[in-house]
Amino acid sequence: MIAIENNIEAEAERLLRSLMHVECDPKGRKWNLETCREIALLTLEINRLKKEKNAVILTHSYVEPEIVYGVGDFKGDSYYLSLMAKESSADIILFAGVVFMAETAKILSPNSTVVVPDRDSGCSLADSITGEEVRKLKALHPGAAVVCYINSTAEVKAECDVCVTSGNVYDIVAKLPESQILFVPDRLMADNVRDELKRRGVQKEIISSDGTCIVHEEFDVAQIIQARAQFPGLKVVSHPECTSDVAAASDFVGSTGAMMKYVKETTAPYFLMLTECGLVGRLEVENTEKNFIGGCRLCPYMKLNSLEKVRDALLAPRPDQIITLDENLRQRAARCIDRMFELTSPA
Ligand code: SF4
């Protein structure tokens with residue numbers, strides 16, 4: 001009994017060392033020893049299950065901080081986590097993120113069992129277009145290179161020539177020999193690609209489908225103007241899923257990983273992060289000397305993850321928590337992702 005209590009206390013202290021810095025908590029919690037004690041038994045159980053089952057937990061930066069810092073083995077954006085999935089030799093990969101990300105892990109690690117805490121964790125971008133709709137667009141634009149943002153389903157990836165992330169989209173699109181690009185599913189990212197290629201003097205026609213991220217599309221320039229007036233010296237950091245007006249009014253636009261690097265390397269009195277609040281929580285934990293002024297937004301899909309669901313999916317996953325893909329479709333989707341790795345690997 002005393003040993004269990006000691007374990008819980010040590011675990012609560014471990015959790016607190018990270019969570020105490022989270023100001024931007026999605027549920028407005030203030031993390032202290034007491035709130036960490038409340039989840040310590042669960043994080044201990046999950047970490048024990050991981051060892052017993054040779055499982056690894058990939059956590060997207062947008063999920064709740066107790067998952068990222070309590071049980072996550074790897075934390076980051078889709079691209080980084082895809083690489084970790086590719087290199088993993090775990091029997092079970094639990095993806096705490098959204099379903100298209102877990103599908104990507106399954107595409108890259110077909111021999112692992114890939115599980116998700118909540119099958120309803122969709123994505124407004126990934127769910128905006130089907131494979132059938134991509135086929136129809138391809139028929140309308142037969143000479144175009146078909147490029148999909150990684151925020152797309154496996155069935156969409158299987159229809160595309162190459163996959164991109166928010167970190168490599170500009171370089172990959174610029175490198176493609178085709179002058180016409182069919183870009184799915186993010187209309188706002190396509191706008192940003194058009195603007196960036198123009199800046200680089202690269203001539204391409206970009207045709208896009210009509211998806212948007214319900215989190216990033218909501219930011220606007222008025223918010224930036226107001227924040228700059230209130231916080232002199234402020235740096236505004238945004239994601240390429242934002243509108244092109246927001247991107248143009250920002251000091252830095254980049255992928256989740258690039259945003260983290262920018263904040264780490266930039267000296268400024270305040271930062272306005274125009275992205276999902278989970279990333280701001282991570283920045284608070286990992287850059288305790290910097291000031292973030294809020295303004296972020298929550299992704300309702302990411303917030304469907306919870307420690308309880310992570311535990312249940314590891315302990316005895318229900319069929320709906322296990323990702324399965326048709327092998328032919330998986331191989332076609334893998335070619336699309338492999339092409340991305342080829343185009344981004346050093347020559
Ligand atoms: S933040 Fe946007 S792009 Fe990311 S999962 Fe949520 S809806 Fe999809």
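Which residues of helix H12 (residues 256-265) are buried? Select Thr 256, Met 259, Met 260 and Val 263, the buried residues of this helix; a residue is buried if 20 or more other C-beta atoms lie within 10 Å of its own, exposed if 12 or fewer, and partly exposed in between, with C-beta atoms placed from the backbone. Because they cover an arc of only 100° around the axis, they lie on the same side of H12; the arc is that of the directions from the helix axis to the C-beta atoms. Helices (H or I, at least four residues) and strands (E, at least two) are DSSP runs, numbered from the N terminus.

The model is predicted: local features need pLDDT of at least 70, side-chain atom pairs count only at pLDDT 80 or more, and totals for chains, interfaces and linings use all residues. Residues are numbered from 1 along each chain as its sequence is written.

Contact here requires C-beta atoms, placed from the backbone, within 7 Å.

Move to the loop between H12 and S11 and select Pro 269. Pro 269 is exposed, with 12 other C-beta atoms within 10 Å. Leaving aside residues up to four places away in sequence, Pro 269 touches Gly 233 and Asn 291.

Now colour the chain by domain: domain 1 (2-123 + 302-321), domain 2 (126-212) and domain 3 (216-286), with bounds from an automatic or database domain assignment. The C-alpha centres of domain 2 and domain 3 are 24 Å apart. Across this boundary, 11 residues of domain 2 contact 11 residues of domain 3. Helix H9 (residues 187-200) gives the most to the domain 2 side, with five residues.

Within domain 2, select strand S7 (residues 180-184), where four of the five residues are buried. Strand S5 (residues 145-149) pairs with S7 in the parallel sense over four bridges; pairing requires at least two DSSP bridges between two strands. Cys 148 has Val 184 of S7 as its bridge partner. S7 also runs parallel to strand S8 (residues 205-208), joined by four bridges, and Ile 181 has Ile 206 of S8 as its bridge partner.

Finally, select the ligand, which 13 residues surround; the closest are Cys 123, Ser 124, Cys 213, Val 215 and Cys 299. A residue counts as near if its C-beta atom, placed from the backbone, lies within 6 Å.

Notes: Contact = placed C-beta atoms within 7 Å.
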